[in-house]
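I opened this model to follow one residue and its surroundings. The entries below are in the order I looked things up.

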Amino acid sequence: MGDAIDLTGDGGVLKEIVRRAKLDAISPSDDLPVVDVHYEGILAEDEKVFDTTREDNLVFSFELGTGSVIRSWDIALKTMKVGEVAKITCKPEYAYGRAGSPPDIPPDATLIFEVELVACRPRKGASVGSVSEERARLEDLKKQREIAAAAKEDDKKKREEAKAAAAARIQAKLDAKKGQGKGKGKGKAK
């Protein structure tokens, strides 16, 4: 469908969109880190399928960012939306590296996955509401602190302005007294 996107900047993880998601589709996030995927893994060298969820029509579920899958998946799935299908090409350093994963994946193998992001959801024990509510609470707390700091700064400015105004009034009175003192004792010439 499109050109490959270099997700790592070094050609280590390339993503090509096979089928776009709907515009309003959701993406994995801190609130929704658990993903369900269908995939087919192919060795780039001989195009041999080494793993798939398509045969038994089961989804593979995992939490992003926990190291439970190869690095390229953590990188690529974060860029996908539910319903999207992408071809992910993974260099060995972003897959199984020098060791491979015998017997199916040889050492230093480049892998190609066709991945469909089926769903993303909150981690077990958390709900989107509870995570979102906590975020909102922390955001409100931050705003309250900012408002309090701004009010404190305003009060400080008002005090400084009041001091300056008082000093100006005192100076004006002193200047007025000096002006009155200059004319005393001298009579007007007639």
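Entry 1. The model is predicted. I began with a side-chain contact: a polar atom of the His-38 side chain lies 3.3 Å from the backbone oxygen of Leu-58.

Entry 2. I then asked where His-38 lies. I found His-38 in strand S3, which covers residues 34-43.

Entry 3. Is His-38 buried or exposed? I noted a relative accessible area of 12% for His-38. The cut-off for buried is under 20%, so His-38 counts as buried.

Entry 4. I listed what His-38 touches, not counting residues up to four places away in sequence.

Entry 5. I looked up the strand pairing. S3 and S7 are antiparallel, with 10 bridges. The partner of His-38 in S7 is Glu-116. S6 and S7 also pair in the antiparallel sense, over 6 bridges, and there Cys-90 has Leu-111 of S7 as its bridge partner.

Entry 6. I turned to the largest nonpolar core, which has 27 residues. Val-37, Trp-73, Leu-77 and Phe-113 have the most contacts inside this core. S3, helix H1 (71-77), strand S6 (85-90) and strand S7 (111-121) each supply at least two of its residues. S7 gives the most, with 5 residues.

Entry 7. Leaving aside neighbours within four places in sequence, Val-37 is in contact with residues including Phe-60, Phe-62, Trp-73, Leu-77 and Leu-117.

Notes: Residues are numbered from 1 along each chain as its sequence is written. This is a predicted model: local features need pLDDT of at least 70, side-chain atom pairs count only at pLDDT 80 or more; totals for chains, interfaces and linings use all residues. Side-chain values use heavy atoms; hydrogens and water are left out. Helices (H or I, at least four residues) and strands (E, at least two) are DSSP runs, numbered from the N terminus. Buried means under 20% relative accessible area, exposed over 50%, partly exposed in between (1.4 Å probe, protein chains only). A polar contact is a pair of N or O atoms within 3.5 Å; within protein, one must be able to donate a hydrogen and the other to accept it, and residues adjacent in sequence count only if both atoms are side-chain atoms. Contact means heavy atoms within 4.5 Å. A nonpolar core is a set of buried Ala, Val, Leu, Ile, Met, Phe, Trp, Tyr and Cys residues joined through side-chain atoms within 4.5 Å. Two strands pair if DSSP finds at least two bridges between them.
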